[in-house]
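Welcome, and please open your viewer. We will go from stop to stop, and at each one you will hear what to select and what is there.

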Amino acid sequence: MAFTTQLCEGDKGAAYALLAHIYAWQGDYDNCNKACDQVIGSGRYTLVPESNYTDLFKGQSSESIFEISQNALIESVNAKENYTITGVTLTPPYLSNGAVQPLWQLNIGLVNYLYQDHDDVRFKKTMVLINSGSVTAYECIKWANIQNVNNSTAYQIALNNILVFRLADIALLKAEALAAKPAPDAAGALAIVNQLRTMRGVTTPITGVTGNDLLYAIADERGRELFLEGHRTFDLIRLERLTGEQQFPFITHADFTAGKYYWPVDPTLFLTNVNLKQTAFWVGKVK
């Protein structure tokens with residue numbers, strides 16, 4: 001297997017990125033670090049510059065490692081459907097769906113906590129504050145590359161590839177690995193985080209943090225960088241495993257340790273497959 005330019009086909013870079021995530025999930029941060037190095041050290045990928053940051057979400061960028069193709073007419077879906085990321089995040093003028101507020105209303109406090117520096121390109125170019133008259137919230141416009149079909153707004157498609165792995169993700173995963181491995185490298189982890197922050201237009205570096213504070217700083221940076229890209233739940237699960245501190249409001253740490261964050265198996269499936277076993281936490285709790 002080799003590194004290729006076909007980002008919608010799994011290549012060597014995608015395989016190592018997947019391995020890095022698997023090792024991180026397993027808590028094997030030495031091997032996670034090695035897998036990250038295979039991606040970063042390949043020289044195949046570069047961070048998208050601040051000037052054309054939003055091009056990242058259209059697909060086929062220099063930063064992308066693996067993505068699902070959806071940026072051509074024959075591959076796209078109706079952008080207005082509520083099962084699509086565009087359908088739940090966008091309103092006019094980005095999408096002609098008649099909505100006065102997005103279905104996914106982004107909490108102002110959370111967004112302002114993550115993006116305290118409003119010069120951060122990840123805030124400036126992807127967050128819009130809207131006021132519907134009754135609700136004020138942020139709208140995420142990462143996936144606002146919308147095209148009319150037959151020159152009509154009646155049917156619109158989203159020409160945005162679905163990003164699965166990209167360089168910033170793997171760089172920050174390496175920072176997590178350096179901070180979480182048996183012999184932590186706080187300086188190395190912070191160097192990676194601050195290099196990314198500089199690329200994203202943030203002028204204030206993070207300094208002087210170690211231990212759990214460093215793990216939280218890296219998790220927050222992943223939150224800023226990968227907002228609504230499907231990583232957050234997994235990032236917080238790893239964070240709670242590492243820090244022992246509750247991250248989910250409806251899961252106590254005791255229940256977390258017992259595995260409540262895993263989904264239960266639908267009990268009806270046991271009727272057709274007696275070899276299935278219920279997820280440990282949910283044994284006797286679902287019928």
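Before you start, keep in mind that this is a predicted model.

**Stop 1: a pocket**

Select Trp 25, Arg 232, Thr 233, Phe 234, Leu 236, Ile 237, Phe 248, Ile 251, Lys 260, Tyr 261, Tyr 262 and Trp 263, which together line the largest pocket. Its volume is about 290 Å³. Which helix gives the largest share of the lining? That is helix 9, residues 232-243, with 5 residues.

**Stop 2: a glycine**

Next, pick Gly 259, in the segment that follows helix 10 (253-257). Is Gly 259 buried or exposed? With a relative accessible area of 8%, Gly 259 is buried, because the cut-off for buried is under 20%. If you like using the distance tool, draw a line from the C-alpha atom of Gly 259 to that of Ala 99: the two are separated by 39 Å, and they sit 160 residues apart along the chain.

**Stop 3: a pair of helices**

Show helix 6 (residues 167-180) together with helix 8 (residues 211-225). Their axes come within 10 Å and cross at roughly 170°. Angles over 145 degrees count as roughly antiparallel, so helix 6 is roughly antiparallel to helix 8.

To see the contact itself, select Ala 168, Asp 169, Leu 172, Leu 173, Ala 175, Glu 176, Ala 179 and Ala 180 on helix 6. On helix 8, their partners are Leu 214, Leu 215, Ile 218, Glu 221, Arg 222 and Glu 225. Sorted by class, this contact holds 9 nonpolar and 5 charged residues, with no polar ones.

**Stop 4**

Move on to Leu 228, in the loop between helix 8 and helix 9. At 29% relative accessibility, Leu 228 is partly exposed.

**Stop 5: a glutamine in a loop**

Now jump to Gln 60, in the loop between helix 2 (29-40) and strand 1 (64-68). Gln 60 is not a glycine, yet it has a positive phi of about 60°. Its relative accessibility is 44%, so Gln 60 counts as partly exposed.

**Stop 6: two prolines**

Finish by selecting Pro 92 and Pro 93. What kind of peptide bond joins Pro 92 and Pro 93? The bond is cis, with omega at about 10°. You will find Pro 93 in the loop between helix 3 (85-89) and helix 4 (108-114).

Key: Residues numbered from 1 in each chain as written. Predicted model: local features only at pLDDT ≥ 70, side-chain atom pairs only at ≥ 80, totals over all residues. Heavy atoms only, no water. Axes fitted to C-alpha atoms, helices over the stretch in contact; angles between N-to-C directions. Helix = DSSP H or I, 4+ residues; strand = E, 2+ residues; numbered from the N terminus. Parallel < 35°, antiparallel > 145°, perpendicular 65-115°, else oblique. Contact = heavy atoms within 4.5 Å. Nonpolar A, V, L, I, M, F, W, Y, C, P; charged D, E, K, R; others polar. 1 Å grid on protein atoms, 1.4 Å probe; cavity = no way out; pocket = protein on both sides within 12 Å on 5 of 7 lines; lining within 4 Å. Points joined across faces, edges and corners; volume = space filled by probe spheres on them. Buried < 20%, exposed > 50% of the residue type's maximum accessible area, 1.4 Å probe, protein only.
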